[in-house]
Structure formats: C-alpha cells, structure tokens
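This report looks at one residue and its surroundings, and then at one strand and its partners.

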Amino acid sequence: MIRPLALALMIAVSATPLAAKETSAASYKTALADPARPAADRERDAARKPADLLAFAQIAPGEKVGDFVMGGGYVTRLLAAAVGPTGKVYAFQPAEFIAFKKQYGDDQAAVDAAYPNVDAVAGPFAAPAFTTPLDTIITVQNFHDLYLKPFPEGTSDKASAALFAALKPGGTLVVVDHSAADGSGTTLSDSLHRIDKAAVVAALTKAGFKLEAESDLYKRADDPRTANVFDKEIRGKTDQFALRFRKPG
C-alpha cells in the first residue's frame, strides 16, 4: 500500500521534468521574440531552427552557458534571452579570429554591451578562458575550424580538453557542423569547411566526453557534401549534424 505522503512525493517528482520542460519551452519563445534581436537574425531563423536547437541543447533559465566561437552573436543573443536574468552567457571569440578580422571583436563588444547577462571571453582558440564551471557549451559551425591550416597540429585536442575542463561534472557540449563525406575525417576542413561527424565524435571521446544524443535537425539529404559551404549554390543549405555530448559525473 502506498501511503498518501509517499504518493504525493512520487507525483511531485514525476511532474518536475515536465514542469522544467514547459518552463524551458516558454523561455525559447521569449528568446525568439526578444526585441533586441536584429532583423538579420530573424531572417535566418527558418534555416537555423533556433527553438529546436535550444531544446536539443536542453538550455534552461538560470543556467551558465558558453558560446564557443560566437561569431556575429546569433547564438549568443538566443542564449542570453533563454537563460534569463538569473543565468549567464560566456561568449568566446578566439583571439586569432579578432586579429584576422576586426569585426569579430566589434561584434563581441556590441553583444557584451547590449546584454547584462553576457560576458565576453577572449583568448587563444585552443584555450578558451571560461572563468566559471558551465552547465552547457554550444558551438555551431566552428569545430571544423580547429583543423584549418593556420592552426598548429594539436589545436583540436587542446580545445577539446579545454571544453571538457570548462564544464561542470554532468555538463553538456553541443556541436553543430557542416557534414563532410563519410570517412573523410578532417581532411576537408580547410578546403570545404566541412568535417566528418565520426571525426568529431572521436576527438571529443578522446577528451573524455560521452556521446549522448544526435539530432537530424539540420539533415539535408540533397547536399552531396562535395562543395565548399560558402559556395553560393549550397550556402545556407548544407547537410549538418547536431551532437550532444556529456561530461561524466
């Protein structure tokens, strides 16, 4: 026989995940509707499916999250609204990117100034200087950059280890990137800006991560995966993979 108090506790525990999901879903809607988001961001939403990305990453209000290589700030702005005023977003821009193109630094400074819950993070590509243990890190269309020719061999191993160290035990890393042909490894990262999904899994598993989930959110079967992602015929229509890894603990 189940006593009333035990039954009440069981109901409360079973209801908690649902309540958390509902709260997070509401925060995603708020993030998309954020009036601070520029029109250019909204125009990209159809292809980038931001609410689905936030759900796959399991972003929740109040969390501390990192955007590894924030670029122009599309994901950073979404995260800032999704985690809310009690959360924090650490937006990393590699020093090498800023040195290559001043706009990267300007974009980082602008987002940092616009959102009180965003902190700019700089440093070498292989050593992101996140200053506090994070719940989640997201990196979108950037993992392949760790294998570009300007960066020395071993950059990916160092960055993967740094991302692992930056997360709390049980924290997650979400990687979205352009798909290269199966079996190509990292050989097309520089020429096509693509990477074989298996190579990402191997690199992050080596760093200590466990692959937890995969999503077909950005699957495009019509992409032959042979063109540079910046070619006008394929840009914005590439086949991409989305992976969620967890740090044990």
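In which loop does glutamine 93 lie? Glutamine 93 is placed in the loop between strand 2 (88-92) and helix 5 (95-100), where helices (H or I, at least four residues) and strands (E, at least two) are DSSP runs, numbered from the N terminus.

The model is a predicted one, in which local features need pLDDT of at least 70 and side-chain atom pairs count only at pLDDT 80 or more, while totals for chains, interfaces and linings use all residues. Residues are numbered from 1 along each chain as its sequence is written, and side-chain values use heavy atoms, with hydrogens and water left out.

Glutamine 93 counts as buried because its relative accessibility is 0%; buried means under 20% relative accessible area, exposed over 50%, and partly exposed in between (1.4 Å probe, protein chains only). The side chain of glutamine 93 comes to the distances below from two backbone oxygens.

| Backbone oxygen | Distance from the side chain of glutamine 93 |
|---|---|
| glycine 71 | 2.9 Å |
| tyrosine 104 | 2.9 Å |

Leaving aside residues up to four places away in sequence, glutamine 93 also touches several others, among them Val69, Ile98, Gln108 and Val121, contact meaning heavy atoms within 4.5 Å.

Turning to strand 4 (residues 134-140), 6 of its 7 residues are buried. Strand 4 runs parallel to strand 1 (residues 64-68), joined by 3 bridges, and parallel to strand 5 (residues 167-178), joined by 6 bridges; two strands pair if DSSP finds at least two bridges between them. Isoleucine 138 of strand 4 is the bridge partner of aspartate 67, and isoleucine 138 also stands opposite valine 174 in strand 5.

Terms used
A polar contact is a pair of N or O atoms within 3.5 Å; within protein, one must be able to donate a hydrogen and the other to accept it, and residues adjacent in sequence count only if both atoms are side-chain atoms.
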